[in-house]
Amino acid sequence: MYRTHTCGELRIENAGQQVTLAGWVQKSRKLGGMTFIDLRDRYGITQLVVDATADQALVETASSLGREFVIQVEGTVVERQSKNPKMPTGDIEISLSALRILNKAMTPPFTIEDESDGGEELRAKYRYLDLRRNPLKKALELRHRIAHEVRNYLDAQNFLEIETPYLIKSTPEGARDFVVPSRMNPGQFYALPQSPQTFKQLLMVAGYDRYFQIVRCFRDEDLRADRQPEFTQIDCEMSFVEQEDVLNTFEGMMRTLFKNVLDVTIPNPIPRMSWYDAMDRYGSDKPDIRFGMKIHEITSLVQGHGFSVFDSVPYIGAISVEGAAAYTRKQIDALTDWVKRPQVGAKGLVYIKVNEDGSIRSSVDKFYTPEQLQAIADFMEAKKGDMILVLCGEKRKTQTMLGVLRIEMGERLGLRDPHDFAPLWVVDFPLLEWDDETNRFYAMHHPFTAPKPEHLDLFYSDRKEDLEKVCANAYDFVLNGTELGGGSIRIHEADVQERMFEVLGISKEEADYKFGFIINAFKFGAPPHGGLAFGFDRVCALFGGQETIRDFIAFPKNNQGRDVMIDAPSVIDQIQMDELHLATTALDKE
């Protein structure tokens, strides 16, 4: 037996027991004639002590230990003279009678501590060492616990966990597919699933009325902190349901997760907001409602006063920032430069300060009287010490820019506490998005999303203006400005599905080629059904109070989609290329 106890288990009540432990050497130090060793495993750290009067071989072995050596020890649990209240095992130590080196270790390239001296790229290269650190260990433990709670909850709700294929047919609509060549079918390719969408709908047709899967998904898209080329979804589907049934079921799941994992109680019911209200008030379809600073349209208040920038645009919006009237001119200039960055896209920034003495100053003073500026401040409910920030342009684009500015100001003012949770359902999305470049509609969610029943007349209209008004029977679960999950009631009638393909410019031949299997399945009695998928990695990150999902994935990729630890992706040898009937074009070596 390598161990009788773990390194996080022993307490003062174990004093006098003979124990065997195994783990890694966190650190070793000599004080006088004694050697102290911190032994670490997944469960914690226990201090070991070797007295100078111990067996000479034991003393020499203890003196030879380096960081991260793997060792096994035997000894007696004794009460520590100098206790460490910061450690769960800090009341005891192990007086060693035997020590065996199981494996020596090279000196690691960075310290295996909570606060490491290793940079992100170095730690990614040695991810297996980084995973020994407490923050990552706790992140993966949190991930496990959330998965466990999800399975328990859904099992209690009569959901079946069913696996779906990873090698499927490519249907390039939206993000790019990862493709896999088929050796047995030369010149043909599988795709890795962006989600199990069609399969879970087929399971509904098959009669499995409650399905779920914690499933790996793949998208070949540009990456950032909250995206990975492979990610995990809590994927769910239900039959004989309307939107209210789906929302109630998964509100229950999220309340259970918050309570059982974090001991946090979230609102019941969770508030709901239409997509249109979210865009008008927050400039985002995933609004952070932990703080106010809502967007107000002030077009009618500011146009017609000779300021050509305002008079020449269809929309002018503003936010009121509490306490920001204290901003200096230098700070305002820096903020103006910030909104001009490509990530925001504004051409400039207008401000109106409501000073502590009640006076009002603005960057456009010469076009407006103090009374007119006061009317704007009153409309914005700006108080003394607040500053109003104004952007203008095309309506949705300007609202989006104001939404980005609002989040930035919330961050600067410390209004986005990661341990304060404000969940929200966003509902009534537009069904379709028009793209001027390709001169066609795209599905805002996916081609299997049902229109609202009350909008079917508009859905069958040939007028672009009518189709733009059609709302989807869709919903997103938003938490703290992040979309955690989304779904919809699906189309289950073949004629409605065919109309959707027609609106999206997908010919009957193309639809049959890409989706013929599901169109045919609908003809054999598809029940009304709907569902949603939560981004499991994002759920874990937000529950852990982090912005990035990488710490909650055991072996993530970097921003270029590379695994620098195993050096993937990589070239394959010519024999494999020939077996797969593949050839590569010459690459520019410059």
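I began with α16, where the buried residues (under 20% relative accessible area, 1.4 Å probe, protein chains only) are Ala 511, Lys 514, Phe 515, Gly 516, Ile 518, Ile 519, Ala 521 and Phe 522. Helices here are DSSP runs (H or I, at least four residues), as are strands (E, at least two), numbered from the N terminus.

This is a predicted model, where local features need pLDDT of at least 70, side-chain atom pairs count only at pLDDT 80 or more, and totals for chains, interfaces and linings use all residues. Residues are numbered from 1 along each chain as its sequence is written, and side-chain values use heavy atoms, without hydrogens and water.

I checked the shape of α16 (residues 508-522) next. I found a kink of about 90° centred on Phe 515, the bend being the angle between axes fitted to the seven residues ending there and the seven starting there.

Of its 43 residues, Ile 146, Leu 154, Phe 250, Met 254 and Phe 534 touch the most other members. Helix α6 (residues 243-262) gives the largest share, eight residues. A second, separate core has 33 residues, among them Trp 275 and Ile 518.

Last came salt bridges (a Lys or Arg side-chain nitrogen within 4 Å of an Asp or Glu carboxyl oxygen). I noted a count of 37. Asp 235 and Lys 200 meet in one at 2.8 Å, N to O. Asp 235 sits in strand β10 and Lys 200 in helix α5, 35 residues apart. Both are buried.

Key. Core = buried A, V, L, I, M, F, W, Y, C linked by side-chain atoms within 4.5 Å. Buried < 20%, exposed > 50% of the residue type's maximum accessible area, 1.4 Å probe, protein only.
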